[in-house]
Amino acid sequence: MTLHDFTATRRTFLAGAGLVIGVAIAPRFLSAAPTGVPAGGAGDLKPMNAFVKIGTDDTVTVLSKHIEFGQGPFTGLATLVAEELDAEWSQMRAVHSPTDNKIYANLAFGLQGTGGSSSIANAYEQMRKAGATARAMLVAAAAAEWKVPAAEITVEKGRIKHAASGKESGFGAFADKAASQTPPADPKLKDPKDFVLIGRDLPKLDTREKTNGTAIFTLDIMPDRLLTAVVAHPKHFGAVVKSFDDTDARKVMGVVDVKKIAQGIAVYGENTFAALKGRDALRIEWDLSKAETRSSAELAAEYVRHFDEPGLEATNTGDVAAAFRQQGLQTVEAQIVFPFLAHAPMEPLDAVFIKAADGSVDIYNGAQFPGFDQQVAAKILALDETKVRVNTQLAGGSFGRKAQFGSPYMQEAASVYAAIGGDRPLKHMWTREDDIQGGFYRPMYAHKMRGAIDADGRITAWEQIIVGQSIMAKADLDSTSVEGASNLPYRIPNLKVTSHNVTLPIPPLWWRSVGHTHTGFAVETFVDELLTRVGRDPVDGRLALLDPASRHAGVLRKAAEMSDWGATPAEGRARGVAVVESFGSFVAQVAEVSVGPDGAPRVHKVWCAVDCGVAVNPNIIKAQMEGGIGYGLGAVLFDAVTLGKGGRIMQSNFHDYRSIRINEMPDVAVEIIRSTEKPTGVGEPGVPPIGPAVANAWRKLTNAPVRQLPIVSIMSS
Amino acid sequence: MVTFTLNGKERTFDGDPDTPLLWVIRDFEKLTGTKYGCGVAQCGACTVHLDGMPRRSCITPIATIDGSDVVTIEGISGKEAEAVQTAWTGLDVPQCGYCQSGQIMSAVALLQMVPNPTDDEIDGAMTGNLCRCATYHRIRAAIHNAANSMEG
């Protein structure tokens, strides 16, 4: 039986978790050029279902429907499969699944995609069922071969055993016969108390290749006769090419062609440097008539004017207006302006196109929404979608950048490929400058907050107005603008949260933790100010406003305990705390900060407590908290994309879009709350609390609340 | 014509002499462990060893390295390299992994010069290597672990 035969024969949908089993993988995704590393098993791989293949060499290869860009789905999803398959960890492998919006749908989205810290959460039962199904098929095959009842067969650490007869085998010997077994309709899953792999610090499946230089990313795909193309983009959002002169560009050694596309001017080279040098030699006149010509400062001034206009209501409980009219109140006000933020993944956006002999096209890219990439590329290349195969590759980070409705990046890349035509493979790549200046930023936001404290020191009212672009391009309320504020965890009797959508020619996008990047900061710094005003300790005061049984309170108490919150920090240091729920995970952080020799905040230590339900791989959870803290800290200290006078984008590379460096990284301690709740994600939730925790410490140190981000640029301006 | 040694083998290059070493290594020699991240020596993803010293290959024109010895992540060897890679694996340092070749090249060069570095010495040697996943906490720990393992 070939894989093709297998595809057609059995298609079964399991009710409930939506597991599609018995749908084999067409072998074509293994065709064309190089595949990503780590590779699956080396043996003859037999598909047990859409997610699991067992090799005759005993390897078990998990097809990850989620892209691996450091957050750990290869290891996490393989752990879930291995647990129910009773495999040995050393036999597990993982690869990216092919593109299929149905079979490989993110169950939280309804189409294939990675985001919202949802990989483990949506795959938790699905992957366990995939493992349990494969196990049952192996057992059935062994039972038939050994002529013993299936119920007498046990599986442990990758060995199939029948105690009474003394028969024993690895998985590989039964891979072929298991593949033709009828999968069970509803495989039984383990009771969590019987887990042997889930909850352990299993070593990651992709570490070795990422340590010896053999891991293949999109940029590393180099088929023969490859052309490399870069595009000259405008320095103003909304600008288009008025005219261009490519005379000098075409003289550059190795430049093959120059083409105008909607996004700019594409230069094609025999190698990367030829394309880059050719691009530098272009002379382009841009038409700015429809471009954004306002500066960031001018935009901020316009944002603030919306505060006095009626907004879109997100939350309105109690009677805020009446509460603010009470006698004897203290009111506290704050306005905070957040800048545009670029994601700046280490690997800028890129894609490789290879035409097959039959005219179909393989695309290799770090596809976060591969189905969209496929649809967009098929349209631009004038091919049927079935003739375009998106082969997801390991990606050098994303932080939200590669998850885009309508795949605007793929529109450019496919247009560059289509414009030159021909049969040569093509790599389209962005440089760091394209990346920093390419838009799709975390939008700029302005928040206005007002709090009321009554004569008895109780916080009686909270009003918050949020102004910024709608990431979801909505005319009405966009929940991603207000999440974290509209569902304020603190019990304040009168709460009103409104928002205003601003439209700009600067394309917005979600950025690691989405709305919580700004609401977490605004809420957690403002509640801290209110608590200071009423003389409450930041931890005790928050706990008094929280439901004591809440998971917010649980992580807050844990972080306080870890940091010995009541103790006096060393001379010159102060501590700040913040607690934020995002994507169903709860994170509290305590940051210990001093004023550094350059006058900027120096963060010495961060204590972090996380509650993300069942901890599938504690080591990965800790790594995501460490990384989230570093990513969030870098942004709050240093990062802004700003538009200067006339709307020109002012930053271009890592020298002026700063990233945190090793000498600025605090020591981090992470503890995970033990939980039997279903697992929730960890890719994003480590980010939101660090900014406000540092800002709260900074206010203690300097008496100056942080009203504009990043902290360091305000100090230098 | 530029002649140099790459991972122990003599190589020649007769293309555009302005071509940075990074693109010679990647596009012409097809060694892809060395990465592009910024092109302006701000991120360290392109770090190689040039005559034994860490060098940002993205700003090193090929014409300037005639007669030099270049080692990339694919060619590193010796006790420091082994100790660093073992320590990296032991702590599962990489997340997305894209910057890690450069991190490891810088770390190996550090240990070759300073067998048991302090935190300040680690900062001094590693500050030029960005990691947007911010794996710094583990990089530091792994360098200490590697140093300790070589002492024994």
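Trainee: Which residues in H3(B) meet which in H4(B), and what makes that a contact?

Mentor: In H3(B), B:Gln103, B:Ser106, B:Ala107 and B:Leu110 meet B:Glu121, B:Ile122, B:Ala125 and B:Met126 in H4(B); contact means heavy atoms within 4.5 Å. By class, five of these residues are nonpolar, two polar and one charged. This is a predicted model, where local features need pLDDT of at least 70, side-chain atom pairs pLDDT 80 or more, and totals for chains, interfaces and linings use all residues. Side-chain values use heavy atoms, without hydrogens or water, residues are numbered from 1 along each chain as written, and chains are lettered from A and ligands numbered from 1 in written order.

Trainee: Why are H3(B) and H4(B) called oblique?

Mentor: The axes of H3 (residues 100-113) and H4 (residues 119-126) of chain B come within 9 Å and cross at roughly 130°. Angles under 35 degrees count as roughly parallel, over 145 as roughly antiparallel, 65 to 115 as roughly perpendicular and the rest as oblique, so these two helices are oblique to each other.

Trainee: How do you know that both faces of strand E20 (residues 426-429) of chain A are covered?

Mentor: A:Leu426 and A:His428 on one side, and A:Lys427 and A:Met429 on the other, are all buried (under 20% relative accessible area; exposed is over 50%, partly exposed in between, with a 1.4 Å probe and protein chains only).

Trainee: What makes E10(A) and E20(A) a pair?

Mentor: Pairing takes at least two DSSP bridges, and these strands have three, in the parallel sense. A:Thr228 stands opposite A:Lys427. E17(A) also qualifies, with four bridges to E20(A), running antiparallel; there A:Phe353 has A:Leu426 as its bridge partner.

Key
Axes are lines fitted to C-alpha atoms, for helices over the stretch in contact, and angles run from 0 to 180 degrees between N-to-C directions. Ala, Val, Leu, Ile, Met, Phe, Trp, Tyr, Cys and Pro count as nonpolar, Asp, Glu, Lys and Arg as charged, and the others, Gly among them, as polar.
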